[in-house]
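Please open the structure in a viewer and keep the selection tool at hand.

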Amino acid sequence: MNEKKTSINLQDLRRKIYIKAKAEKNWRFWGLYVHVCKFETLSEAYRLAKSNNGAPGIDGVTFEAIEKSGVEEFLTQIQQELINKSYYPMRNLKKCIPKGGRKLRTLGIPSIRDRVVQGAVKLILEPIFESDFQPGSYGYRPNKKAHEAVEKVAVAVIKGQTKVIDVDLKSYFDTIRHHILLNKIAKRVKDRDILRLIKLILRANGKQGVSQGGPISPLFSNIYLNDVDEMLEKAKEVTTKDGYQHMEYARWADDIVITVDGHSNWEWLRKGLYERFSEEMAKIEVSINHDKTKQIDLAKGGKINFLGFDFRRYKTIRNKFGILRTPKMEARTNLLGKLKDVFKRYKSQPLDRVIEKINPILRGWVNYFRIGNSARCFNYVKDWVYKKARRHLMKARKRKGFGWQRWSREWIYQTFNLYEDYKIRYYQ
């Protein structure tokens, strides 16, 4: 009963902070640190951290070890350190993961203790800055989905905004300047203890940049680019003529797409936007990769990539223009690589054990891509998985081939509950 009351109290606090921030855009909040230190805030931060089931940090402490020794004691210790100002974060554990194209992305993984503190700070700060964030920003925000950003780009292109600036930023998360970020936060936060704690969190990752692995990093990254979003929203407003919108944008973290009216009369807007965008990025010392930033005309057969989808324009049977959204080849390749690894690691296991592992992977991937024109890609994946399952059964019997004469398709799917929901469900 206490846990339910605690959750409601925290939710109510966040709602009140958001309403105040939304109503008074120049208000600077104070007295926030006490709310970060509350046991209910730390408990919720722990619950959120555990729900992500992340790896341990540099201290090697796992959730299992914390549960065994007592969560309440663990959180009470953190609370006392925060109250006494004796809390100092540990160094982040560096871990490299594949980024695509044989590149690696370096994650900075905080310890669970530090994830709880970051989560608590985020719970209190998030409603303030959510009130300031712009409609075109989608990444890692409450009640915002990648599908909404994909749909926004698709609708803009269908409306004739076929000139596209597909922005590529150089190592965005690694180059965020701490002093610039802190100044942006200080415009809304007057609490010295909160600002001191944020400094400590930032320094745990080094002299610059924010860790791609900490719960508060997405919030920091959105705060850092909010002025750029405001500029784009203003440009959209002032270039709307006679009820017609001539530009749009969508941003997911550092993945940014700007669409501009394809008519030659609006060529000046495309050039001007890129110039203004570059100026705003220079102010916050973020480098644009001009070689990889593409300016594409979809009306002339061009293609853009955004959030895992390839976008192409096409003419419908009714002689109108539509937009094709298909999974990038890289996305399909990465999926099959994951599935192949599962089949390999469990090659001596029964097929139902293998399917138990691959079904969640398939379900998540298909649910993400089923909003587009993914039928052909889905058919390929479905056929590949089905054949792999048959081969696994045959190898278990020390035989070659696929066993076409032994088992029917229906028997494979029904007996082993192999995932088969590949239907397209367009975005609503």
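The tour begins with the second largest pocket, which holds about 730 Å³ of space. The model is predicted, and local features need pLDDT of at least 70, side-chain atom pairs count only at pLDDT 80 or more, and totals for chains, interfaces and linings use all residues. Residues are numbered from 1 along each chain as its sequence is written, and side-chain values use heavy atoms, with hydrogens and water left out.

**First stop: the second largest pocket**

Select Leu48, Ala49, Asn52, Lys122 and Pro215, which are the closest to the centre of this pocket among its 27 lining residues. A pocket is an open set of points on a 1 Å grid over the protein atoms alone, with protein on both sides within 12 Å along at least five of seven lines; a cavity is a set of points where a 1.4 Å probe fits but cannot get out, and lining residues have an atom within 4 Å of a point. Grid points are joined across faces, edges and corners, and a volume is the space filled by probe spheres set on the points.

Next, colour helix H1 (2–23), helix H3 (39–51), strand S2 (103–109) and helix H6 (112–130), the elements that give two or more residues to the lining of this pocket. Helices (H or I, at least four residues) and strands (E, at least two) are DSSP runs, numbered from the N terminus. H3 gives the most to the lining, with six residues. By class, the lining of the second largest pocket comprises eleven nonpolar, nine polar and seven charged residues; Ala, Val, Leu, Ile, Met, Phe, Trp, Tyr, Cys and Pro count as nonpolar, Asp, Glu, Lys and Arg as charged, and the others, Gly among them, as polar.

How many cavities of 30 Å³ or more does the structure hold? There are two. For the largest cavity, with about 50 Å³ of space, select Asn92, Gln118, Ile201, Leu202, Asn205, Val210, Ser211, Ser217 and Phe220, which line it. The lining of the largest cavity has four nonpolar, five polar and no charged residues.

The second largest cavity contains about 30 Å³ of space. To display its lining, select Lys122, Glu126, Glu130, Phe133, Tyr140, Arg141, Pro142, Leu219 and Asn222. H6 and H11 are the elements that give two or more residues here, and H6 provides the largest share, three residues. This lining divides into four nonpolar, one polar and four charged residues.

Now display the open sheet whose strand order is S4-S5-S3-S6, with antiparallel pairing. Two strands pair if DSSP finds at least two bridges between them. The edges are strand S4 (247–252) and strand S6 (294–297), each of which pairs on one side only. On average, neighbouring strands of this sheet are turned by 15° against each other, direction ignored.

S4 and strand S5 (residues 255–260) are joined by six bridges; select Tyr249 to find Ile258 in S5 opposite. Two helices lie across S4 and S5: helix H7 (residues 146–158) runs at about 160° to S4, and helix H11 (residues 217–238) runs at about 170° to S4. Axes are lines fitted to C-alpha atoms, for helices over the stretch in contact, and angles run from 0 to 180 degrees between N-to-C directions.

Three bridges connect S7 with strand S8 (residues 309–315). Ile304 stands opposite Phe311, and Phe306 stands opposite Phe309. In the turn of this hairpin, which has two residues between the strands, Leu307 has a positive phi of about 55°.

S8 and S9 pair over seven bridges, and Tyr314 stands opposite Gly322. Their hairpin has five residues between the strands, and Asn319 there takes a positive phi near 65°.

**Last stop: Thr175**

Finally, select Thr175 in helix H8 (residues 172–175). The Thr175 side chain reaches the backbone oxygen of Ser171 at 3.0 Å. Beyond its neighbours within four places in sequence, Thr175 is in contact (heavy atoms within 4.5 Å) with Lys170, Gln208, Gly209 and Glu285.

Notes. A polar contact is a pair of N or O atoms within 3.5 Å; within protein, one must be able to donate a hydrogen and the other to accept it, and residues adjacent in sequence count only if both atoms are side-chain atoms.
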